[in-house]
Amino acid sequence: MKLRREGAFTLVELLVVIAIIGILVSLLLPAVQAAREAGRRISCVNNLKQLGLAVQNYHDVQRVLPASGFLAPSTGALDLRSGSNFSWAVLMLPHLEQQNLYDQFDFTQTVMQQSTNPQAQFIATLLCPSDAVNRVYLMDGTLTSGKRFAKGNYAAFVSPVHTEYQHIFPGAVAFGRTQNISSVTDGTSHTMVISEVRKRSHEQDQRGAWALPWTGATALAMDMHPIGAFTAGGYTYNPSSLGVTQTPNNQGPSVDMLYNCPDPVGAQLSKMPCNTFGGGSANYLSAAPRSLHPGGANAVFLDGSVAFVPNQINEITMAYLISINDGETLDVSQIAR
């Protein structure tokens, strides 16, 4: 009598099956990650659309574009830590369905003196889910008097030059100028307003702090110098700045200039290089838009349209898309090289 032999995998066959499964998983994971990122990117774009609409609604009510912040006036370089120091994002709260949070701010006090700490609240519309760091704070004994500031992912283009010269070479959102839509002589569809920024978990890194009008917190500038002196007048880019500007996700040689650049090695490894602002006459405050979307960052224009701004955008084009009165009417179809 012959015994029946039950079918079974040999060791070689089992290893082959495992190898095939491993290959299929390795092929599938990038597709899954890409699909997830696509969903996150859509959410980030929708946030920008809401912010663009909020700027328009603010203009409709107030008849002016929002100021970048509540600062002390200056005929020279601005001190972005002066005045009551609220940012444009605070002004947007009623137009982002955050009236209750807006009402918690006491505008008779500085942003550092808020007894109910509304500046420490996280706002979903200001958070891009593509950012790997979530729900983190700025808190520095010197810079913020020990107050906690919640971080977000959106900042306004205040100038094509430096953030401290926004009152001389303004973006759509700037301090020291009463600007409305008619002030934007280049046209609303030719003017970028708000873009994405990244935040770090380090409590002394100011980037993303939504209630503060500081560089990299809610203010962006690309360090494209003008021709001639830093005095009032129309903006024309200086060719000597080419190659050293703050285009999206910039890695240098110009880097984000902050009041404090804690752990610069960690910042570099995170692809968020920075340097510490020198103070005094060394006014070089600028910061790049940043995101973890492959290849660039999203931005909303003054007409409410959103476009993806690539890392390799033409520097001249980007400067003219930020400036409101340069006489150049470039549009989103011209953002790539």
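**Exercise 1. Find the volume and lining of the second largest cavity.**

Step 1: volume. The second largest cavity has about 30 Å³. A cavity here is a set of points on a 1 Å grid over the protein atoms alone where a 1.4 Å probe fits but cannot get out. Its volume is the space filled by probe spheres set on the points, joined across faces, edges and corners.

Step 2: lining. V197, R198, R207, G216, D256, A287, A288 and R290 line the second largest cavity. Lining residues have an atom within 4 Å of a point.

Step 3: classes. This lining splits into three nonpolar, one polar and four charged residues. Ala, Val, Leu, Ile, Met, Phe, Trp, Tyr, Cys and Pro count as nonpolar, Asp, Glu, Lys and Arg as charged, and the others, Gly among them, as polar.

The model is predicted: local features need pLDDT of at least 70, side-chain atom pairs 80 or more, while totals for chains, interfaces and linings use all residues. Residues are numbered from 1 along each chain, and side-chain values use heavy atoms, without hydrogens and water.

**Exercise 2. Describe the largest cavity.**

Step 1: volume. The largest cavity holds about 50 Å³.

Step 2: lining. Its residues include C128, D131, N153, E196 and H293. V197, R198 and R290 also belong to the lining of the largest cavity, and they line the second largest cavity too.

Step 3: classes. The lining of the largest cavity has three nonpolar, four polar and four charged residues.

**Exercise 3. State how much of the protein is buried.**

Solution. Of 337 residues, 51% are buried, meaning under 20% relative accessible area with a 1.4 Å probe, protein chains only.

How values were computed
1 Å grid on protein atoms, 1.4 Å probe; cavity = no way out; pocket = protein on both sides within 12 Å on 5 of 7 lines; lining within 4 Å. Buried < 20%, exposed > 50% of the residue type's maximum accessible area, 1.4 Å probe, protein only.
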